[in-house]
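Work through the exercises below with the sequence and the model side by side, and try each task before reading its solution.

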Amino acid sequence: GLQLEYPLSKKWSLLLNTQYEHTGAALKADSVITPSGNFKTDGEYRINYFFVSFNPQLARLFEKGNTRISIHSGFEYSLGINWSDQFDFTDQTGKKFSIGHSGGDPEVNDFRISIGTTVQINKWGLGINYKHGLSNFNKGHSDKALMRLLQMKISYLLFGKFQTITPKIP
């Protein structure tokens, strides 16, 4: 991903992020329901989504020496570019099966609220973000399935120096 920081004052910044994301989930399955009936299985279902996300955030900065801590929050729009799913299971007779799909446009683009913190020492940073999706991924069904992500990132400052620049506001 790429992050641009625009200082608003000595203690506040606007962060503009864009990144490629791979998110997914897995669950254990113990039965399969088909038109001809139900049968017991032992397997795992996995689904993966691939996004390009745009995430503006407002950051509060705390600095001491060569260390800076920022607490940031904002919103995010994630454009779904691809998805895949796979179900690997063993049926009642012990025979192994694998059913899957890859490619195609995801049904849902996600709109999320995000909050996080980053610790930066000199040019290196370590951040953690929680992103809570507001879009229902379970289209056509009664239960809602919202994306909830915990993201960790390592960053490196490519341009500039580690310092907050206060813009001159007329």
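**Exercise 1: the second largest pocket**

The second largest pocket has a lining of 20 residues, among which Ile47, Tyr49, Phe137, Asn138 and Ala145 lie nearest its centre. The model is a predicted one, in which local features need pLDDT of at least 70 and side-chain atom pairs count only at pLDDT 80 or more, while totals for chains, interfaces and linings use all residues. Residues are numbered from 1 along each chain as its sequence is written, and side-chain values use heavy atoms, with hydrogens and water left out.

Task: state which elements give two or more residues to the lining of this second largest pocket, and describe the lining by class.

Solution. Begin with the term: on a 1 Å grid over the protein atoms alone, a pocket is an open set of points where a 1.4 Å probe fits, with protein on both sides within 12 Å along at least five of seven lines, and lining residues have an atom within 4 Å of a point. The elements that give two or more residues to the lining are strand 2 (12-34), strand 3 (37-64) and strand 8 (148-156), where strands are DSSP runs (E, at least two residues) numbered from the N terminus. Strand 2 gives the most, with three residues. By class, the lining has 11 nonpolar, four polar and five charged residues, with Ala, Val, Leu, Ile, Met, Phe, Trp, Tyr, Cys and Pro counted as nonpolar, Asp, Glu, Lys and Arg as charged, and the others, Gly among them, as polar. The space in the pocket comes to about 450 Å³, a volume being the space filled by probe spheres set on grid points that are joined across faces, edges and corners.

**Exercise 2: salt bridges between strands**

Solution. In the pair of Glu5 and Arg68, the closest N and O atoms are 2.9 Å apart. Arg68 is buried, with a relative accessible area of 8%, whereas Glu5 counts as partly exposed at 34%; buried means under 20%, exposed over 50%, and partly exposed in between (1.4 Å probe, protein chains only).

For the second pair, the side chains of Glu21 and Arg112 meet at 2.8 Å, N to O.

**Exercise 3: a positive phi**

Solution. Asn122 lies in the loop between strand 6 and strand 7. Its phi is near 55°, a positive value in a residue other than glycine. For context, most residues other than glycine have a negative phi. Asn122 is partly exposed, with a relative accessible area of 41%.

Key
Helix = DSSP H or I, 4+ residues; strand = E, 2+ residues; numbered from the N terminus. Salt bridge = Lys/Arg side-chain N within 4 Å of Asp/Glu carboxyl O.
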